[in-house]
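Hi everyone, thanks for making time this morning. Please have a look at the model on the screen, and then I'll walk you through a few spots in it.

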Amino acid sequence: MKQRLEILHRRFSKAVSSHSLLYFSTRPCRFPDTHPNHHDDNGNKIDHRIQYDNKKKKNPITREPWDRSFQLHKPRGQHLLTNPRILDAIVRLAGVGPTDTVLEVGPGTGNLTVRLLASAHRVVGIEVDHRMVDALRRRISDIGLDHRLDVITGDAVKTQFPEFDLCVANIPYGISSPLIGKLLFGQCCFRSATLLLQKEFARRLLAMPGDSEYNRLAANVRLVADVELLMDVSKKEFVPCPKVDSSLVRIRPRAGHPPPVDLAEWLAFTRTLFTKKNKTLGAIFKQKKKIAELFEISQIDSKGSRDAGENDGSRSNIARFDDFDDNHGDPMEINVEEKEGVDALEVGPFKEKIIRILNSGGFGEKRPSKLSNEDLLHILQLFNKEGVVFH
Ligand code: SAH
């Protein structure tokens, strides 16, 4: 028995020393044994300083602590990643180097931040919850690394991003689409974004044309970036345990190769197509509303409100990124009944022109969910050449 206790003690000391960054080291212990909430949701007793994975007693996992000093808000996606092996793997797979400035969206209590700071030159965190900001600042100050951390208190979707080399984050899943939209279609210039995302969302991001999950999000992201799956992460690795599993993905913008298209025009085009991604293009462009909307936009365009020959991949026209994914509605849709000045006599020939363009490229019977970005770019070019624009 005594021998067993000694072995356990040695393992415990080793675990603590090899994860010394886990602790708010110079402050008194913030996880007293007398903490009133010493039971998990199933009523089991928890030691908040150390939690072992009981199934793997030979190789215990030292979990990140959570002192429950304030309540975590699920609507804000507050699920803390607590497995140090996974946290370490994220930093390693992200390829963080000593000269890198890392952007971390939603650093929370800093489980990932401490590790990023151990490898990076600087970390800039954007965190919306001031309670998290306080906890993070305290923790980083306690390990003496606060001079290498900047924290911006605010909503990452609305806050202007600083310059950074890498984005590495376990983000709140509710902002996945607008955040990726902002990273890729905003003004950012960076090497890669390594993000922990909801597993289903990651699968949609990775889907290829023809896959049942292929969608507007994937088409938009693939236009400007390469995406790869790095690993799946079980929901059990988070506190509190969410309903969904997660996946770590790396998104690498294709630097130096701006797409041969105006990005705002592309986003409007894919919005039109992917709202009904399994219909034929012929059917999509038969919709009265759609025709009236395109007619209107193309009329305005032909009156010269847009500079000619602007297809340089410009991002300046893109003001919002929450309309980046086909899971959202169609905010630009125009109600043809309500719209004044749409002349039925002119719309008829315009509709015929659209059908002619589609058929000239053999696309009338094709479905958006099965088309590659090369095909989509080709169709957009055919439209634009004939004065049909989407933005
Ligand atoms: N990265 C930490 C915390 C993840 S929980 C970890 O892995 O343990 C998600 C974090 O994102 C929370 O701290 C939450 O407050 C923050 N958050 C939620 N919405 C946000 C937004 N719009 N902008 C910035 N941070 C946000």
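Let me start with a question: which side chain does a polar contact of 3.3 Å join to that of Ser247? The partner is the side chain of Arg203. By polar contact I mean a pair of N or O atoms within 3.5 Å; within protein, one must be able to donate a hydrogen and the other to accept it, and residues adjacent in sequence count only if both atoms are side-chain atoms.

Before going on, a word on what you are looking at: this is a predicted model, where local features need pLDDT of at least 70, side-chain atom pairs count only at pLDDT 80 or more, and totals for chains, interfaces and linings use all residues. Residues are numbered from 1 along each chain as its sequence is written, and side-chain values use heavy atoms, with hydrogens and water left out.

Back to Ser247. Its side chain also makes a polar contact of 2.7 Å with the side chain of Asp232. Ser247 sits in strand β9; helices (H or I, at least four residues) and strands (E, at least two) are DSSP runs, numbered from the N terminus. Ser247 counts as buried because its relative accessibility is 0%, where buried means under 20% relative accessible area, exposed over 50% and partly exposed in between, with a 1.4 Å probe and protein chains only.

Now to the ligand. There are 22 residues around it, and Gln78, Gly106, Glu127, Ala156 and Asn170 come nearest; a residue is near if one of its heavy atoms lies within 4 Å. That shell divides into nine nonpolar, eight polar and five charged residues. Here Ala, Val, Leu, Ile, Met, Phe, Trp, Tyr, Cys and Pro count as nonpolar, Asp, Glu, Lys and Arg as charged, and the others, Gly among them, as polar. Strands β1 (80-81) and β3 (122-127) each supply at least two residues of the shell.

What does the backbone do here? A backbone N or O atom of Gly106 lies 2.8 Å from a nitrogen atom of the ligand, and a polar backbone atom of Ala156 is 2.9 Å from a ligand nitrogen. For Leu81, a backbone N or O atom is 3.1 Å from an oxygen atom of the ligand. The protein covers 97% of the 570 Å² of accessible area that the ligand has on its own, by the Shrake-Rupley method with a 1.4 Å probe.

Helix α5 (residues 176-185) is largely enclosed by the rest of the structure, because 10 of its 10 residues are buried. Lys182 is one of the buried residues, and so are Ser176 and Phe185.

Most residues other than glycine have a negative phi, and most peptide bonds are trans. Arg68, in the loop between α1 (2-18) and β1, has a positive phi of about 55° although it is not a glycine. Arg68 is partly exposed, at 27% relative accessible area. The peptide bond from Val239 to Pro240 is cis, with omega near -10°, and Pro240 is in the loop between β8 (238-239) and β9 (246-253).

Last stop: Phe390, in the segment after α12 (373-385). Phe390 is buried, at 3% relative accessibility.
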